[in-house]
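Subject: Structure handover

Hello,

Please find the structure below, with its sequence. My notes on what was found in it follow.

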Amino acid sequence: MIIRRVPFDHPDAVKLNDEVQAEYSVRYGDDGDATPMDPAHFVPPAGLYLIAYDQHGSPLATGGWRSQDTNDEGYQDGDAEIKRMYVTPGARGLGLARRILGELESDARAGGRTRMVLETGSKQPEAVALYTSSGYEPCAKFGYYRFHELSLCFAKPLHP
């Protein structure tokens with residue numbers, strides 16, 4: 001596998017984002033994640049977006065982080081928010097999400113961020129298992145879905 005830094009609006013990122021949105025739609029019975037996002041949120045050093053490719057150049061997994069600081073949505077100064085973690089169905093179980101997560105954490109730490117945070121949902125048990133097994137713990141809700149009953153928020157300190 002090759003993991004590449006790409007812009008959030010890269011054609012492969014758009015393709016995988018469309019796939020994850022379709023999966024959210026099936027799981028939650030809605031139109032997918034409505035969290036406002038902008039490609040500028042993932043431009044280093046304030047963020048990063050990654051895609052894992054197979055040896056043939058096919059995109060298999062994605063994930064990014066974006067800087068957040070204290071605001072009215074419940075973020076704290078120094079937060080790095082994980083967004084759009086996704087692995088295509090045929091590539092699940094290969095450890096790609098864990099590899100991307102590790103790279104996102106390292107990059108955010110190197111960028112001076114002090115805490116990784118993420119929001120997922122109760123209908124995504126695979127995501128909850130990944131994050132809890134990677135040292136993430138439940139935290140106060142934040143972000144776009146902070147008042148939604150199915151929302152689950154997790155955080156992990158980023159120690160230097």
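Arg5 has Leu50 as its bridge partner in S2. Strand S1 (residues 2-5) and S2 run antiparallel and are joined by 4 bridges. Helices (H or I, at least four residues) and strands (E, at least two) are DSSP runs, numbered from the N terminus. Two strands pair if DSSP finds at least two bridges between them.

Before going on, note that this is a predicted model, in which local features need pLDDT of at least 70 and side-chain atom pairs count only at pLDDT 80 or more, while totals for chains, interfaces and linings use all residues. Residues are numbered from 1 along each chain as its sequence is written, and side-chain values use heavy atoms, with hydrogens and water left out.

The sheet

The sheet is open and has 7 strands in the order S1-S2-S3-S4-S5-S7-S6, with mixed pairing. Its edge strands are S1 and strand S6 (137-138), each of which pairs on one side only.

Strand S2 (residues 47-53) is mostly covered, since 7 of its 7 residues are buried. Buried means under 20% relative accessible area, exposed means over 50%, and partly exposed is in between (1.4 Å probe, protein chains only). In a regular strand the side chains alternate between the two faces of the sheet. In S2, Gly47, Tyr49, Ile51 and Tyr53 point one way, Leu48, Leu50 and Ala52 point the other way, and all are buried.

On to the pairing of S2 with S3: 7 bridges join these two strands, which run antiparallel. Gly47 has Arg66 as its bridge partner in S3, and Leu48 has Trp65 there. S2 and S3 form a hairpin with 5 residues between them, and Gly57 in the turn has a positive phi of about 85°.

S3 and S4 also run antiparallel, joined by 7 bridges. Ala61 stands opposite Val87 in S4. S4 is mostly covered, with 9 of its 9 residues buried. In which sense do S4 and S5 pair, parallel or antiparallel? The sense is parallel, over 3 bridges. One of the residues concerned is Glu81, whose bridge partner in S5 is Val117.

The loop between S3 and S4

Gly74 lies in the loop between strand S3 (59-68) and S4. Gly74 is partly exposed, with a relative accessible area of 37%. Gly74 and Tyr144 are 70 residues apart in sequence and 9.6 Å apart in space, C-alpha to C-alpha.

Helix H3

Which residues of helix H3 (residues 125-133) are buried? They are Ala127, Leu130 and Tyr131. Seen down the axis of H3, these buried residues fall within an arc of 90°, so they line one face of the helix. The arc is that of the directions from the helix axis to the C-beta atoms. The buried residues of H3 pack against strand S4 (79-87), helix H2 (96-110) and strand S5 (115-121), where contact means heavy atoms within 4.5 Å. After H3 comes Gly135, whose phi is positive, near 95°.

The pocket and the cavity

Grid points are joined across faces, edges and corners, and a volume is the space filled by probe spheres set on the points.

The largest pocket holds about 840 Å³ of space. It is lined by 35 residues, and the closest to its centre are Tyr24, Met85, Thr120, Gln124 and Ala127. Helix H1 (11-28), S4, H2, S5 and H3 are the elements that give two or more residues to this lining. S4 gives the most, with 6 residues. By class, the pocket lining has 17 nonpolar, 8 polar and 10 charged residues. Ala, Val, Leu, Ile, Met, Phe, Trp, Tyr, Cys and Pro count as nonpolar, Asp, Glu, Lys and Arg as charged, and the others, Gly among them, as polar.

A search of the whole structure finds 1 cavity of 30 Å³ or more. The largest cavity has a volume of about 50 Å³. Among the residues that line this cavity are Arg66, Glu81 and Tyr144.

Regards

Key
1 Å grid on protein atoms, 1.4 Å probe; cavity = no way out; pocket = protein on both sides within 12 Å on 5 of 7 lines; lining within 4 Å.
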